[in-house]
Amino acid sequence: MSIKKHVKVGLSALALSVSMHSAAAEDPIKIGILHSLSGTMAISETVLKDTVEMLIEQQNEKGGVLGRELEAVVVDPASDWPLFAEKARELLAQEEVDVIFGNWTSVSRKSVLPVVEELNGLLFYPVQYEGEESSENVFYTGAAPNQQAIPAVNYLMNEIGVERWVLAGTDYVYPRTTNKILETYLKDHGVADEDIMVNYTPFGHSDWQNIVSDIKSFGSAGKKTAVVSTINGDANVPFYRELGNQGISASDIPVVAFSVGEQELSGIDTGPLVGHLAAWNYFMSVDTDANWDFIDAWIDYKGDDTVVTNDPMEAHYIGFNMYIEAVKKAGTTDVDEVKDAIIGVSVPNLTGGYATMMPNHHITKPVLIGEIQDNGQFSVVWETPSTVAGDAWSDFLPGSRDMIADWRKPMFCGTFNTVTGSCGASSGEMAAESE
Amino acid sequence: MSIIRRSLTSLLIALACLMSVPAMAQEDPGRELLVNLAEAPSSRVEEAINAIVDSGDERARGWLEAYGNNRLSRVKDTGQVVLVLNNRGRDWEIADPLTGENLGEMSRRKLDRVAINNAIRGKLEGIMAMLDLNAADPDVREASAADMMGKVDAALVAPLQARLEKEESAAVRDRIEAALAIYRVEQGDIEAVEVLAGSLHPRARAALNNAAASDSPQLVEAANKALASIEQKLKLNKAAETLYFGLSMGSVLVLAAIGLAITFGVMGVINMAHGELIMLGAYTTWGVQQLLPGQPGLALLLSIPAGFLVAAIAGIIIERSVIQHLKGRPLETLLATFGISLILQQLVRTVISPQNRTVVTPEWMSGSLVINDALSLTLNRLYVMAFALIVFAALMMIMRKTRLGLDVRAVTQNRAMARSMGIKATKVDILTFALGSGVAGLAGVALSQLTNVGPNLGQNYIIDSFMVVVFGGVGNLWGTLIAGLSLGTINQLLEPWAGAVLAKIIVLVFIILFIQKRPKGLFPQKGRAAEN
């Protein structure tokens, strides 16, 4: 009797432990997606949500990771910056997601930063940004200024022979910081003060007549002139339209843009824009098999032949694959172990090379300069000979020149000052100062 | 479906290949020229282009144009150079550049674009302009001579000279002489400076500026003299241009605000969804263009009544469902209509797309009306200005001369009295609101030619619209017109020296101060109407 009872208890205990074990194995890896699906930023961010969902679907078809399925948890921060912080908290504290892919604007990232640091989460940020930040918990898969702005200016200076510069941007932190970096850089290279014109416009600016006319007369001083544009979002359409109507062609005054990609061009009649430039780390027109496969998968996923891909989508593709590799390497989704494992991980990008996660949580990227074509695509006219590693702290700003970030032990610091040899203020405070 | 299409495509390609076999038998010299162009490294491209021009082939211009437009590609497998007719979507329609025969569709993955960049494109424009100088039409010759400005290099001087001697049209001669003079000034020729003295062309000014910075003192003196005379002319043109900018921005403000002047100004309804009614008008334009592909001009004209109707119907629905229940409660109306505006925005995002939609500008609306080399009026804005004035005149007519206008004025002046005289106040309310909303729709149709058509379109104009109506004096259409035009002009006058951000702020501060002094705006209502 008693033996039988023991066996029974033992068996049920065994069964329990087995069922618990299998439950653990089937527990999906939760991937939080923090992109605005409504409000002003929905125009850019919706496709990124779809991209991550597609990548999750593809990974699940391959059998997931570590035998576990992936599951998307989508929230809508509605282009509302404080809501980004709340939604991030919801993802980490209630949904207990293992990783977050999200954000577009810098201000939304700054709002999420303290939450992700407090709750020790992981955030992959896919958009080009102004730099001056490196957080233990954030991985920057978009371009830092030295991976976009500086090479583009080099191209204009050395290949096109530009001597006069218009720095035009929307009035917020990314253009202001980028232009500050570029101004210092240009002056270091012998450009005089009167050969630089800086112009800021409000968000959604639609009346460009005066500014375009100013650019036109600025450009008739006899030196080759170019416009470096950090104009954001919607404002680009009327800007380019005005350029076309006032007859400024790319061979007179080329405009190189850092925020205009395939997505933005799909809203404009690109006929008059042919030849204007953009600097990115990826173009949809890049002729590699990996890219064509990605595009085909994306077209099938969206069920629309005319959809386009763009640079932040590639950044998510890279970030997602890096996360998967890091989880495989660490053998767990534990945040601290993944954080350690991911540094040094290399995955293929879509432009025929590899992206590597650097110790400062930025990645290596090639820099491509593309000319706008009449079908809303870019044709690559120049690229860096090799990939460029992202620099968290710009060498062209007084406050950050001596700063480096290295999240490997024993340094483990985002704001290491190479002059004083000490780890400075926390990244959040530093960023606040640099603004 | 796609399998059928694909197999059809490959069948077509196979057929095309078969058909091109006999053509291959007698080797076409064009084939080699194009392959050379496609294979040339960037340093030899110019040579390849010149070889094409020198061949005297009558197809040369078409090839070069296609090349400049990124329409030349190579089939990766066969190395054949093809003309891309349609480069949108996954499969591209291609043709044989030699025979012009259509080769059907081919996956973009199998094509390799013949590379071009701005430097080459600039040279190409010069070469093409040179080819066009032989055209029969003097207008074409003049345009291409204007294109030559600043693009003349040593190789082009001799043929240009030859052309100049043959040229009959005086306008074309002037252009060619100026283009040659620019080249000569760049080479340090003092006599050529004289030719450029009166020219307002930016390239001429650029050449003179360079000359003024040169080493030769005589050249510097001559250049400075020529520049001074240009400067004087330029100032006048600049002033005229700023005025035009101001009036054009003003007319956009008037268009956006005039509907509000009726719903808010005349009826007293604070309609925060006014911007979204504008947006609906813009989306209607997009919708009509989708229904009539290839005819953007006709579509645009048809969208004028369509945009009016769509926005007017939306206005009626808003009025019946929400606003009529909130009569006399401005704060609640404000909040409710703000909610409606958010609902409409998100509706568009969900139903259509969060992305901006492409509204095509018809040919006759793009480009500009060239007055002289320094002053040109952009056509799309010119049309919008005219449209704004027409809409304004039509509204004035309706308010002054029609029965509806009379009823509206009666109901807004004294509702109870009007009703006792047998006017159906509710019906008048509906019609007035529909009219105001419809006009907002018209504004949307016009704005679709100036700015992006997207869910946020309305938001960008709502504040400006209220500003104009309040500044002009509530309930006064003339006030709205004057206020819109003057605010636009003030803004454009401020912008060059204050910057766009500061100019906006200054205008806002100015209005606040103005309203402090004159709370009823520029043109307050007088008499009995004002007592309400």
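Buried area is the accessible area, found with a 1.4 Å probe, that two parts lose on being put together, summed over both. Keep that in mind for chains B and A of this predicted model, which bury about 5,200 Å² between them, 38% of it on carbon and sulfur atoms. Arg90(B), Arg109(B) and Asn118(B) supply 14% of the area that chain B buries against chain A, more than any other three residues.

Let's look at who touches whom. Counting contact as heavy atoms within 4.5 Å, 66 residues of chain B meet 63 residues of chain A. The two chains also share 13 salt bridges, each a side-chain nitrogen of Lys or Arg within 4 Å of a carboxyl oxygen of Asp or Glu. One of these pairs Arg90(B) with Asp296(A), with the closest N and O atoms 3.1 Å apart.

Now hop over to two helices in chain B. The axes (lines fitted to C-alpha atoms over the stretch in contact) of H19(B), residues 459-472, and H20(B), residues 477-517, come within 4 Å and cross at roughly 130 degrees. Helices here are DSSP runs of H or I, at least four residues, numbered from the N terminus. Among the residues that meet are Met467(B) and Phe471(B) from H19(B), and Leu487(B) and Phe514(B) from H20(B).

A word on the ground rules: residues are numbered from 1 along each chain as its sequence is written, and chains are lettered from A in the order in which they are written. Local features need pLDDT of at least 70, side-chain atom pairs count only at pLDDT 80 or more, totals for chains, interfaces and linings use all residues, and side-chain values use heavy atoms, leaving out hydrogens and water.

Key:
Axes are lines fitted to C-alpha atoms, for helices over the stretch in contact, and angles run from 0 to 180 degrees between N-to-C directions.
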